[in-house]
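Let me put the sequence and the structure up on the screen, and then I'll talk you through it.

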Amino acid sequence: KDIDMIHGVKLEDLTDDERLGLEEIVNDAHDKILSAANIVLSRCRKSLNINYLRKENPTLTEILKQMQEISGLMQNLNQAGYVTFKAEEYVKHVQDIVQAVESGHTEDLERHVRELNQRSFL
């Protein structure tokens, strides 16, 4: 509900305290996305066996859905800046990994895991 109230509000209309609060929320959301991407990466580094990855709990698809929700909230908070963009990149990497697992393409999985592994996580 609070998010609905934020739609249409411009950052320059916020007080300094409100802007700091919003920044804190967005940074926390960003950290959650990085953390989730890191979980996916460590699972894939443990095993690139697609059957193994499909059986993990929570599933990679469930993790991706949470990441997409968080990323969507960040966008709704009018934070179309660097932090939101970076979060979206991590969501895209995990989305590619999930698609490779679901379609059973080991080569794609290996490539996407390599690409995510090269990211900074900072």
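Predicted model: local features only at pLDDT ≥ 70, side-chain atom pairs only at ≥ 80, totals over all residues.

Let's start with the overall layout. The protein has 6 helices and 0 strands. If you read along the sequence, the pattern you get is α-α-α-α-α-α. There are 122 residues in the protein, and 34% of them are buried. Now take the contacts with a separation of 6 or more: 70% of those are between residues 24 or more positions apart.

Okay, the core. Here's some background first: in soluble globular proteins, nonpolar side chains tend to be buried together. In our model, the largest nonpolar core has 30 residues. Which of its members touch the most other members? Those are Met67, Val94, Ile97 and Leu109. As for where the core comes from, the elements giving two or more residues are helix 2 (16-46), helix 3 (50-55), helix 4 (60-76), helix 5 (82-103) and helix 6 (106-117). Helix 2 gives the most, with 10 residues.

Leaving out residues up to four places away in sequence, Met67 touches Ile33, Ala36, Ala37, Tyr90, Val91 and Val94.

Next, the helix pairs, and we begin with helix 2 and helix 4. How do these two pack? Their axes are 10 Å apart, at an angle of about 160°. Anything over 145 degrees counts as roughly antiparallel, so that's what we call helix 2 and helix 4. The crossing of helix 2 past helix 4 is left-handed. On the helix 2 side, the residues in the contact include Val26, Ala29, His30 and Ile33, and on the helix 4 side they include Leu60, Ile63 and our friend Met67. Sorted by class, this contact of helix 2 with helix 4 has 12 nonpolar, 2 polar and 2 charged residues.

The other pair is helix 2 with helix 6. Here the axes come within 10 Å and cross at roughly 130°. Helix 2 and helix 6 are therefore oblique to each other. Helix 2 passes helix 6 in a left-handed crossing. The contact uses Ala37, Leu41, Cys44 and Arg45 from helix 2, and Leu109, Val113, Leu116 and Asn117 from helix 6. Those residues split into 6 nonpolar, 1 polar and 1 charged.

Not counting residues up to four places away in sequence, Ala87 touches His30, Ile33 and Met74.

Where is Ser47 found? Look in the loop between helix 2 and helix 3. The relative accessible area of Ser47 is 18%, and the cut-off for buried is under 20%, so Ser47 counts as buried. With residues up to four places away in sequence left out, Ser47 touches Tyr52 and Leu53.

Definitions and conventions: Residues numbered from 1 in each chain as written. Heavy atoms only, no water. Core = buried A, V, L, I, M, F, W, Y, C linked by side-chain atoms within 4.5 Å. Buried < 20%, exposed > 50% of the residue type's maximum accessible area, 1.4 Å probe, protein only. Helix = DSSP H or I, 4+ residues; strand = E, 2+ residues; numbered from the N terminus. Contact = heavy atoms within 4.5 Å. Axes fitted to C-alpha atoms, helices over the stretch in contact; angles between N-to-C directions. Parallel < 35°, antiparallel > 145°, perpendicular 65-115°, else oblique. Left-handed = near helix turned anticlockwise from the far one by under 90°. Nonpolar A, V, L, I, M, F, W, Y, C, P; charged D, E, K, R; others polar.
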